Every structure is written in structure tokens, then in C-alpha cells.
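Reader: Walk me through this model, please. I want the criterion behind each label.

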Amino acid sequence: MNFSGLINLCEKHRNDRLIAIAEKAEVFCDVSSVRELNSTFLEQIEHFFVSYNQVEGKQFKPLKRSGPTAAMMLIKAGQRSYSSPATQIKNS
């Protein structure tokens, strides 16, 4: 899986969404960053998350779009957080 970026969303707290393209994808195989995607397509992705959460009675607001570097930083921060001793106690 190649992470091409992320969409930062906000409900009551940050709730970011990773955008990824399968390694052997036939569609979008030449895309390496969300910045290379059509803005209308990205708006449709954002609209999906907004609409999906409206049905659940939640209000989401897209904040910004970021590329693959930001996506990997978010993933690594999550991995560090998950593997920290304090998190392991909470998850037990």
C-alpha cells in the first residue's frame, strides 16, 4: 500500500483520514501524492466523510490536505503512541 496523503478532518477532535493506493492498482497507479489527484475527486472523498458522519449525527469539517510525508509522519506517530508503556496499560 502506498500512502499518497491524508485529509485532516475535525469533529470535536482531529479525525484524520489516510488516502492510500494499492501497490498493484490499475487505476491511479501513477499517482504518488494527493496533490496529483483531481480536486473534484478529492472534494468527493471529503464529501463522503462529511455526509457519512452527518447520518450518524456528527459534524465533520475538512481542514486541509497533506501529502505522503505528512501521512507517514502520522502513521509513525500512531505507532509510537501505540507502543508506549502508557498506551499498553490502557489497552489491557
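Reader: Where is E46 found, and what makes that element a helix?

Author: E46 is found in helix α1, residues 39–55. Helices are DSSP runs of H or I with at least four residues, strands are runs of E with at least two, and both are numbered from the N terminus. The model is predicted: local features need pLDDT of at least 70, side-chain atom pairs pLDDT 80 or more, while totals for chains, interfaces and linings use all residues. Residues are numbered from 1 along each chain as its sequence is written, and side-chain values use heavy atoms, without hydrogens and water.

Reader: Why is E46 called buried?

Author: Its relative accessible area is 12%. Buried means under 20%, exposed over 50%, partly exposed in between (1.4 Å probe, protein chains only). So E46 counts as buried.

Reader: What makes E46 and R65 a polar contact?

Author: Their side chains are joined at 2.9 Å. The cut-off is a pair of N or O atoms within 3.5 Å; within protein, one must be able to donate a hydrogen and the other to accept it, and residues adjacent in sequence count only through side-chain atoms on both sides.

Reader: Which residues make up the largest nonpolar core?

Author: Eight: I19, I21, V31, V34, L37, L42, I45 and F49. Such a core is a set of buried Ala, Val, Leu, Ile, Met, Phe, Trp, Tyr and Cys residues joined through side-chain atoms within 4.5 Å. α1 gives the most, three residues.
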